[in-house]
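Visitor: I am new to this structure. Please show me how to read it.

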Amino acid sequence: MSVTTAPLMEARDLAVNFRARRKVTRAVDGVSLEWRRGEILGVVGESGCGKSTLARALLGLLPPTAGSVTSGGAAVQGKPALRQLRRHVQMIFQDPYQTLNPRQRVATIVAEPLIVQGISGGDHEARVRRALDDVGLEPERFLDRYPHQLSGGQRQRVAIAAALVLEPDGLICDEPVSMLDVSVRAQILQVLIELRRQRDLALLFITHDLSLAWSLCDRLAVMYLGRIVEQGPAVDVIERPQHPYTQALVAAVPVPSEQARIREPLSGELPDATSIPPGCRFHPRCPRRFEPCDRVDPPLLATPGKGQLAACLLHDPELAPDAVA
Amino acid sequence: MSALLEISGLRVHHGDRPIVDGVDLSVQPGEALGLAGESGCGKTTTALALMKLLPATFTQSGTMTLRPPNVEEPINLERRTEAGMQQVRWRHVSLVFQGAMNSLDPVKRVDHQIAQAINLHERAAAGDVRARIGELLTTVGLTPALGRRYAHQLSGGQRQRVMIALALACRPSLVIADEPTTALDVVMQAQILELLERLREQLGLALILISHDLGVLSETCDRIAVMYAGRIVETGPVREVFSAPQHPYTKRLLDSLPVIGGPRTLAPPIPGGPPDPGDLPAGCRFRPRCPYAAEKCLEDPALREVRPAQAAACHFAPWVEWPPAQEAAVEGAAG
């Protein structure tokens, strides 16, 4: 696996606002993130935390309100740059039932990106077959089928094949398995892991499933209300979370085989992104808040974990109370 | 102690396709039973058959006996007519189904909907009903003032709580919850699961929790039944089934779940998909996908006790040790 220094994609102070009825929803509110080549980067958080909006903004499917997105060091702005970007980075979505055109055969669906990108040459069919092979669908059996003739898992494989036909360097996966059954899920994950092993395909994996993120990802970014509140190596972030929000998320994961335990679920709900609390945006729900948390908005700070950053004043040497855990 | 609910030989057919094929289940008063399995295995159909809510195109047979604590004669659900079932639903057994939070009436206030459910079953003074609604909302962790809201003014978690309040409105002794947390986030899910646990304790409620999420079941249930292709393939105390599964299907399902702190490599997935109910394989229904299948498996295995209180439908159970799996050769392994 070659992880070179130039990131595949990078966001700097990225913000995406939505306006409706004089209210401004700050869906992504100042995110800086590096997605390295060949890396599986996980983005986790509750629904409404802005993780899907972030993914769409990276691909230029949503215009950023502020900040920048670069790919391989070049700014992604304007149509030609976006077109170029989508040759290198593709995306698959959660619902394999809604993303495939019901009136097209698999062969047409998978070939479409080649046509959209204006890739000439008579090898379209060969490329489509190879993409189907890569996702474990025999071309002979599936080329002529329509989406309704496929199971949920097969549809998601077709969606992946269509994303792969351009041989991209990166694939953004927005909850790709959360609608699938356990055994089908494992099959799709195996396809993705195999692709990364064979082709060094980088994955940006958006999920609310922390166990999955823990087992699959190299690095992890935890989002809360439009902001990354913790990031670092996936194993460390989940096993030794440094932000109280990550700690609460991890504690909420149901664990098979574990003794029934007394849990203290995080109280309250994710506030509305139209009214982000002042200071640390997590402070109204935080079990460990202290004096300046309602006034000081913490940046990502170094923590005792190597390469692990957390946006929490507990890690601010000047403001934190003495008892830093 | 006699069981609160006893289901025996339940079969549900859709045309000539067996969707549920001989299911026996019992639930003790106050017990939480988990019904696990993947889409299409028959777990939701089992719940709907119990409530007699299946569309007319389905036929069901088998006995279903309910013994609510405040009723002298046991209720034989299989003999009840639709009018008779209306006396049972909500009053003795409530169902909170998948995506239920989207089934609230959008044009009626929440308290109005709860009042309707109560008035359908009992004659109560308006003041009493109002007091009960306040109490119910408090029980499920909402402030009574939320009763004045409409569904669209509530969050997903709040709507799910309202649905649970509705299910409790007539003080049933059994609640069936079909994937109650599937559409919710981990944090909200933890809150709802904690609520269900608390209700069991406070109200002595029995619970049938249907979920494909084994983690959710393990934390909430006393016993678990794993379904595959219309049948129960394994059942037992939750801790036993999770620590020492006795059916290859259960074993492989558990293996394919990543567990924080466990091995980070994903186990090889179960190849293929579940069989079509109209085209079931001969013998053990898991045979074509089972890495341990042998000739003996062409005979249908019965569900039998293989360890204390734990039963499995596998010829080779009890499994003391799981040999390394040789992948079953499945034609067109794509699920």
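Visitor: How many helices and strands are in chain A?

Guide: This is a predicted model: local features need pLDDT of at least 70, side-chain atom pairs count only at pLDDT 80 or more, and totals for chains, interfaces and linings use all residues. Residues are numbered from 1 along each chain as its sequence is written, while chains are lettered from A and ligands numbered from 1 in the order in which they are written. Helices (H or I, at least four residues) and strands (E, at least two) are DSSP runs, numbered from the N terminus. Chain A has 10 helices and 12 strands.

Visitor: What share of the residues in chain A is buried?

Guide: A residue is buried if 20 or more other C-beta atoms, placed from the backbone, lie within 10 Å of its own. In chain A, 49% of the 325 residues are buried.

Visitor: At what angle do helices H3 and H4 of chain A pack?

Guide: Axes are lines fitted to C-alpha atoms over the stretch in contact, and angles run from 0 to 180 degrees between N-to-C directions. H3(A), residues 106–116, and H4(A), residues 124–134, pack at about 115 degrees, their axes 9 Å apart. That makes H3(A) roughly perpendicular to H4(A) (65 to 115 degrees).

Visitor: Which residues of H3(A) and H4(A) meet?

Guide: Contact means C-beta atoms, placed from the backbone, within 7 Å. Ala107(A), Val110(A), Ala111(A) and Leu114(A) of H3(A) meet residues of H4(A) including Arg127(A) and Val128(A).

Visitor: How many residues does each chain give to the contact of chain A with chain B?

Guide: Chain A gives 39 residues and chain B gives 35. On the side of chain A, H7(A) has the largest share, seven residues.

Methods
Contact = placed C-beta atoms within 7 Å. Parallel < 35°, antiparallel > 145°, perpendicular 65-115°, else oblique. Buried ≥ 20, exposed ≤ 12 C-beta atoms within 10 Å, placed from the backbone.
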